[in-house]
Every structure is written in C-alpha cells, then in structure tokens.
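Have a go at each task before reading its solution.

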Amino acid sequence: MRGQTFKQGAQAAVPTALGYIGIGLACGIMAAPYMNPLEMGLMSILVYAGSAQFAMIGLYAQQAPVLAIALTVFLINIRHLLLCLHASTLFRKSSLAQNIVIGSFLTDESYGVLMGEQVYTEEIAASWMMGNNFMSYTSWILGTILGTALGGLLPNPESFGLDFALVAMFIGIFSSQFTIMLRRVKIKKLFLVLGVVGIAYLVLTMLLQNSLAVLFATLLGCTVGVILDDK
C-alpha cells in the first residue's frame, strides 16, 4: 500500500530532494562570501528554512542586529503554523512525539508532497511522512554545504541573481498543487477562495508587514473555504 513506510515517503520526496539540492547550491553560493561550509551546514541543520536562510544571508551581509535577524526568520516562517495545524489532522492516530517530529521538519514542499499523496491514499502513516521530511532535510543540508564550497571558488557570486531560484521553486510547487486541487474542488469555489486570499493580501500589505499579511490572508481564505464546504 502507498503512504505507509519510511522508504515510500523518501521515494515520494525524491523530486523535492533534487530541487532542494539545486536551491541549496544557490543558497550556499550566495552565502559563500560571508561563511564557510561548516557554518552554512550548521545554519541548515538548525534553521532549515530556504526563504529564511536567503533572508538571513542578506541581513548578515548588512551586519544587521541578531534580534532583527531572529524576528525576520520568525515572521517568514510563521506560515508553518498553518501547515502544521492542518498536517496534524491527518495524523490523529499518531503519538504526540511523532506529530512534533513531523511538524518540526515540515516545509512547504514536503507539505505539498503530503497533499499530493492524500489524493491517492486515504490514511497516511507517520513513518511515510518522516521519510518524506527527512529525505528533503538531508538533501537541503548537502546542497547548501556543497553550494558554499563551490561559491568560495566563484568571484562575486551575488551577480548571478541566484536568490530567485527559491521563488521559481515555489511557482512550480503551486502549479502542481493547483492541478491537484482542480480535480478535487469545484472551479468556482477554488477561484473564490483564491480571490479572497489575493484581495485580502493586497489590502493587508497596506497595514501590516508582508509575512503577517500572508498569514492573515491565508487564514481568511481557509475560513471562506470551510464555510463553503459546509454549504
């Protein structure tokens, strides 16, 4: 059966892992002027957040205060609260410890793989999700370390504009998830929810920081989705 073993989860994450190696190389190359491979490896092990690590590198380059870096990372990653809340509903039969481990290593991409697997598997085992998470985690660490080592050999790596690589990966993930949603959700409902999220985000960016605007716009979209499901 699909969605049951650690190995199956790791296999499902192979496309993500390959993407992470590519994005990790880009992140490591960007970091090369400011840190060595060991320091980059420790950052990836402890922080493990692509967009946040790109931001950390930029702030570190500007010699920003530690508090400012920590607050930025928190705001960028606050969206994971929503991802973890939803993912936990799929593992109600798993122990608290298993849910904590799953949530601690959950990323946008591993969450996307989980949602894709849910289309084919009614009940997904925690061991499968851990395989999914840890395959991605390992590849990200290796990618960033190798990227930093490679970046040390390149002159002026910032000129390559590699920080756009993460945005490109997010676009790819969204397009694949959008295709899956089209199979499961009525098109009018889907575009209504996306429209609410988009309009709410544009309004909220005038009042709040981008990260908070994303969080509250997503919450509003989730609320609208739940209301529509109840009808």
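**Exercise 1.** Find the helix that holds Thr148, then decide whether Thr148 is buried or exposed.

*Solution.* Thr148 sits in helix α9, residues 126-151; helices here are DSSP runs of H or I with at least four residues, numbered from the N terminus. This is a predicted model, where local features need pLDDT of at least 70, side-chain atom pairs count only at pLDDT 80 or more, and totals for chains, interfaces and linings use all residues. Residues are numbered from 1 along each chain as its sequence is written, and side-chain values use heavy atoms, with hydrogens and water left out. Next, the relative accessible area of Thr148 is 3%, so Thr148 is buried (under 20%; exposed is over 50%, partly exposed in between, with a 1.4 Å probe and protein chains only). Finally, setting aside neighbours within four places in sequence, Thr148 is in contact with Gly28, Ile29, Ala32, Met35, Asn36, Pro37 and Met40 (contact means heavy atoms within 4.5 Å).

**Exercise 2.** Work out how α6 and α8 pack.

*Solution.* Start with the angle: α6 (residues 80-89) and α8 (residues 108-118) meet at about 30 degrees, axes 11 Å apart. That makes the pair roughly parallel, because angles under 35 degrees count as such. Now look at who touches: His80, Leu83, His86 and Ala87 from α6 meet Asp108, Tyr111, Leu114 and Met115 from α8.

**Exercise 3.** Check the span of α4.

*Solution.* α4 (residues 50-61) has 12 residues and runs 17 Å from first C-alpha to last, close to the 16 Å expected at 1.5 Å a residue. After α4 comes Gln63, with a positive phi near 55 degrees.

Notes: Axes fitted to C-alpha atoms, helices over the stretch in contact; angles between N-to-C directions. Helix = DSSP H or I, 4+ residues; strand = E, 2+ residues; numbered from the N terminus. Parallel < 35°, antiparallel > 145°, perpendicular 65-115°, else oblique. Expected span 1.5 Å × (residues − 1).
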